[in-house]
Amino acid sequence: MAYILQQLLSESAKRYPGKTAVAARGKSFTYQELEERSNQLAHLLQRHGVKKGDRVGIYFPKAVESLACMFGIMKAGGVYVPLDPQAPSERISYIIGNCAIKALITTGDRLHALSAEAKNSVEFSILLGPGENGNVPHTMPWASLLEYPADSSPQIQATTTDLAYILYTSGSTGRPKGVMLSHQNALTFVDWCAETFQVTSDDNLSNHAPLHFDLSVFDVYNTIEAGATLYLVTEDLTLFPASLANFIRDRQITIWYSVPSALVLLLLHANLKAENLKRLRIILFAGEVFAMKYLRQLADLVPHVDLYNLYGPTETNVCTFHKVDRERLGNMKHLPVGQACANTEVFAVDADDEIIEAGSSREGELYVRGPAVTPGYWGDVEKTQGAVVPNRFQPNFEEKMYRTGDIVTLSVDGDYYFVGRRDSMVKSRGYRIELGEIEAALMSHPGVREAAALAIPDDEIGARLKAVVAPHDFGALTAADLQQHCATRIPKYMIPELIELQESLPKTSTGKIDRVQLAQAPQPVAQ
Ligand code: AMP
């Protein structure tokens, strides 16, 4: 049993040295190659001063080297921080400063685009791809790691509660926040998956989610744990459903994991054919509600495939699951998020601070306890204290639990059902988005006086984003100006597709923006 994530690789490298571990963009690493590259990177990082607990950023489009980086950074005792290669450089510069990234593995153009402050704060960078000659101070090319020992990793004293990685998610106050995850947090989930889905060395897994997204934790570590093969779905492939369908067929994918919107896209636009999905045995989906009509279509299309709805926030990874029962699916109005994974306890607390009982019609906020719960948000004690709270239902010793902010009900048979959020976090195309972060981006435009972001429910992508904005000078600003401005601050998936300009925003009796009234206004129909 592994107690730190890099053991999973070292063990599989001994058992399956010549087997392909990961493939993407026409390139692959065998288990031995991945083990060796990550050992070499660990030595290089250590040699250049990376010490236990130091943060190292991974900032380039998905590639086989991404996995070498993840394992290499952990082998050096560092904490890896996957950075969205498509996010505006302003946002990445903020994250680099926020968690004091010491070293960055990136491309020349991305390094160049960072703010001067971010560039100065990073001690050194390793450059991949074009411009990797390293002719810039404090940079070195990726190939320089080949000079370091490959057969073993540096000696580090590590324990299961050490941090392994930090995943940045949208923050309600306008800035992303870093969720810290330890080896134990990740392994609690990985071990549960290994047992539940019986991943074997014969499996071919896909990695659809971006690497800064917690869905990818299953793809990467369960592949490596089992000695299976991981096929990375590169960013360009996610845009073309037909290519994605061919990818599943050609790579003989056996286990697929993605947000439901990606599956809906495949269903509606890829002309999926059962005969091309013969080897597929499991589809896992998580991150948002799967509209029942599309789930039924999927279940009919692949009658031989087991379908699972996994639920959980980045702060705990998956904490409940439900195996889709095709016999019941026809009569179901909503799909449950199911019951707690082994080694995790969940319960829902109602408005009277009582734990709700199975079959009661009450709604409650879901809490999670167990070894999967994050230690908190990087550098933000206040936010951590608001979300990772003492377990008041167990007064005898100190223990923390995570408040998810998700409102649920609990059926007689013990299944939880997701109802909605208690705050203004929304999901669009499976991305977690705080409406407050969109509003902060809009408000940072000097011409904006007031702004409200809204999520319009949508079966295909979860929610479409809209903003209503009151400018200082009505007529001097257009929706396109604001969208362009947003593109410099927030990722593409957060930019409202519709921005309505008004003289002023409606107010409640207490003078706040009346979001209920804004949401009730007739909304445009999706194209
Ligand atoms: P993230 O941190 O990006 O994984 O987003 C976590 C949030 O996504 C949860 O707090 C829920 O609001 C939502 N979510 C995750 N899984 C599901 C699911 N299976 N069904 C409905 N909502 C989900």
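Helix α1 crosses helix α8 in a left-handed way, meaning that the near helix is turned anticlockwise from the far one by less than a right angle. This is a predicted model, in which local features need pLDDT of at least 70, side-chain atom pairs count only at pLDDT 80 or more, and totals for chains, interfaces and linings use all residues. Residues are numbered from 1 along each chain as its sequence is written, and side-chain values use heavy atoms, with hydrogens and water left out.

The two helices, α1 at residues 6-15 and α8 at residues 215-226, pack at an angle of about 35 degrees with their axes 7 Å apart. Axes here are lines fitted to C-alpha atoms, for helices over the stretch in contact, and angles run from 0 to 180 degrees between N-to-C directions. Helices (H or I, at least four residues) and strands (E, at least two) are DSSP runs, numbered from the N terminus. On the α1 side, Leu-8, Leu-9 and Ser-12 meet Tyr-221, Ile-224 and Glu-225 of α8, where contact means heavy atoms within 4.5 Å.

As for domains, the bounds come from an automatic or database domain assignment, which gives domain 1 (23-182), domain 2 (236-420) and domain 3 (429-520). The centres of domain 1 and domain 3, taken over C-alpha atoms, sit 34 Å apart. Their contact draws on 12 residues from domain 1 and 13 residues from domain 3. Together they bury about 990 Å², with 47% of that on carbon and sulfur atoms; buried area is the accessible area (1.4 Å probe) that two parts lose on being put together, summed over both. Pro-88, Arg-91 and Ser-170 account for 44% of the area that domain 1 buries against domain 3, more than any other three residues.

Salt bridges (a side-chain nitrogen of Lys or Arg within 4 Å of a carboxyl oxygen of Asp or Glu) number 3 between domain 1 and domain 3. Glu-434 and Lys-177 pair up through their side chains in a salt bridge at 3.9 Å, N to O. Arg-362 and Asp-350 form another salt bridge, at 2.9 Å, N to O. Both residues lie in the loop between β17 (345-349) and β18 (364-369), so this pair ties together parts 12 residues apart in sequence.

Then there is Ala-150, found in the loop between β7 (139-141) and β8 (163-169). Leaving aside neighbours within four places in sequence, Ala-150 touches Glu-36, Asn-39 and Gln-40. The C-alpha atoms of Ala-150 and Ala-42 are 9.5 Å apart, although 108 residues separate the two along the chain.
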